[in-house]
Amino acid sequence: MFAAKLSKAIKEKNNPCVVGLDPTMEMMPEFLQKKYNVSVQKENIPQMFLEFNKNIIDSVADLTPAIKVQVAFYERYGLAGIEAFYETLKYCKEKDVLTIADVKRGDIGSTALAYAEGLLQEPSIDSITVNPLFGTDGLTPFVDVAKKEGKGLFILLKTSNPSSAELQDLEVEGGQKVYHKISDIIATLDEDCKGEYSDMGVVVGATHPAQLAELRKKQKGFMLVPGYGAQGGSGKDIVDAFDDGGLGAVVNSSRGITSYYKKVKADEKDYAKFAKKSLENMIKDINSALAQKRGK
Ligand SMILES: O=c1ccn([C@@H]2O[C@H](COP(=O)(O)O)[C@@H](O)[C@H]2O)c(=O)[nH]1
């Protein structure tokens, strides 16, 4: 059900680009810092983040099929930060935008079930990211709850960071690498999938174009592709994450969108307008790379 909703939203908005809301103090316009008096009242930081996020959501909601919210940037500020995380997710849903809670959870089965129920039974969360390091019995509770709730998973498969090869590319058996083994396990999680795409998706970085192509052929779920923009990925790097109809993947950019006003030295009052501008640039880049691929 999640994958079907995501496909529908991508088609309606003609856009597979996802906005990431990972707020930091450095990202905040000075006028907001003053408004919330955060140099004195640090406890106001989460409320400031929430206002920052809401203005960006208002600005991009018509364009983006989904918004990814990385929990670390909220947990950093304790209970009030966690409240801002959930308020951000709720606001996305009010604006009819699907949500990806980037929580990267994973544990032994009993704990995984607690994580899965806590997150996937929350109405404002449509999908979460999951860490597969515990193997099948650590993944099964997430899969079971996701199926029951009609929610989606994005399971880490080949991450975007420079050191991802240290473990994920280790050779295991018959020339296979660790990420191949993870891919095989994920492929077994939804064998009875009837939809066009499985709700059991994967995360593969935009910084790994060859693996995007390879894993697109093996995986039945949507690909969440982080690493565009701030980490160096571009439209031409990610085209093979998509099927011929331009579906099957969403590409995330966080800092590249929310900090764009700083990059182009725009008036800080216009930060949300420039977030939209950056998203429009990203959409153009990706849609033209996809059109070029189709034209080949
Ligand atoms: O392999 C991964 C998995 C997750 N991420 C997350 O995506 C965003 C990327 O932020 P940018 O500012 O666009 O670089 C961030 O929330 C990461 O935690 C990833 O980058 N790579």
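Reader: Histidine 208, buried or exposed?

Author: Histidine 208 counts as buried, because its relative accessibility is 13%. Buried means under 20% relative accessible area, exposed means over 50%, and partly exposed is in between, with a 1.4 Å probe and protein chains only. This is a predicted model, where local features need pLDDT of at least 70, side-chain atom pairs count only at pLDDT 80 or more, and totals for chains, interfaces and linings use all residues. Residues are numbered from 1 along each chain as its sequence is written, and side-chain values use heavy atoms, with hydrogens and water left out.

Reader: Where is histidine 208 found?

Author: Histidine 208 is in the loop between strand E6 (198-204) and helix H10 (209-218). Helices (H or I, at least four residues) and strands (E, at least two) are DSSP runs, numbered from the N terminus.

Reader: What does histidine 208 touch?

Author: Lys158, Thr159, Ser160, Asn161 and Ser164, leaving out residues up to four places away in sequence. Contact means heavy atoms within 4.5 Å. A polar atom of the histidine 208 side chain also lies 2.6 Å from the backbone oxygen of threonine 159. A polar contact is a pair of N or O atoms within 3.5 Å; within protein, one must be able to donate a hydrogen and the other to accept it, and residues adjacent in sequence count only if both atoms are side-chain atoms.

Reader: On to the ligand. How many residues surround it?

Author: There are 16, and the closest are Asp22, Lys68, Ser160, Gln231 and Arg255. A residue is near a molecule or strand if one of its heavy atoms lies within 4 Å of it.

Reader: Which atom of aspartate 22 lies 2.6 Å from a ligand oxygen?

Author: A polar side-chain atom of aspartate 22. For lysine 68, a polar side-chain atom lies 2.9 Å from an oxygen atom of the ligand. Serine 254 uses a backbone N or O atom, 2.9 Å from an oxygen atom of the ligand.

Reader: How much of the ligand's accessible area does the protein cover?

Author: The protein covers 88% of the 460 Å² that the ligand has on its own. Accessible areas come from the Shrake-Rupley method with a 1.4 Å probe; for residues, only the protein chains shown count as cover.

Reader: Switching to charges. How many salt bridges does the structure hold?

Author: The structure holds 15. A salt bridge is a side-chain nitrogen of Lys or Arg within 4 Å of a carboxyl oxygen of Asp or Glu. Side chains of opposite charge can pair when their charged atoms come close.

Reader: Give me one. What is the N to O distance for glutamate 12 and lysine 8?

Author: Their side chains meet at 3.2 Å, N to O. The two are separated by about one helical turn because they are four residues apart in helix H1 (residues 2-13). Glutamate 12 is exposed at 58% relative accessible area. Lysine 8 is exposed too, at 53%.

Reader: And which residue does arginine 105 form a salt bridge with?

Author: Glutamate 75, with the closest N and O atoms 3.4 Å apart. That pair links distant parts of the chain: arginine 105 is in strand E3 (residues 98-105), glutamate 75 is in helix H4 (residues 72-75), and they are 30 residues apart. Arginine 105 counts as buried at 18% relative accessibility. Glutamate 75 counts as partly exposed at 38%.

Reader: What about lysine 293 and aspartate 240, how do their side chains meet?

Author: In a salt bridge, 3.3 Å from N to O. Lysine 293 lies in helix H14 (residues 271-295) and aspartate 240 in the loop between helix H11 (235-238) and strand E8 (249-253), so the pair ties together parts 53 residues apart in sequence. Lysine 293 is partly exposed at 27%, and aspartate 240 is partly exposed at 32%. Elsewhere, salt bridges that share partners join Lys68, Asp102 and Lys104 into one network.

Reader: Last one. Where is asparagine 44?

Author: Asparagine 44 lies in the loop between helix H2 (30-35) and helix H3 (45-60). Setting aside neighbours within four places in sequence, asparagine 44 is in contact with Tyr36 and Val38. A polar atom of the asparagine 44 side chain lies 2.8 Å from the backbone oxygen of tyrosine 36.
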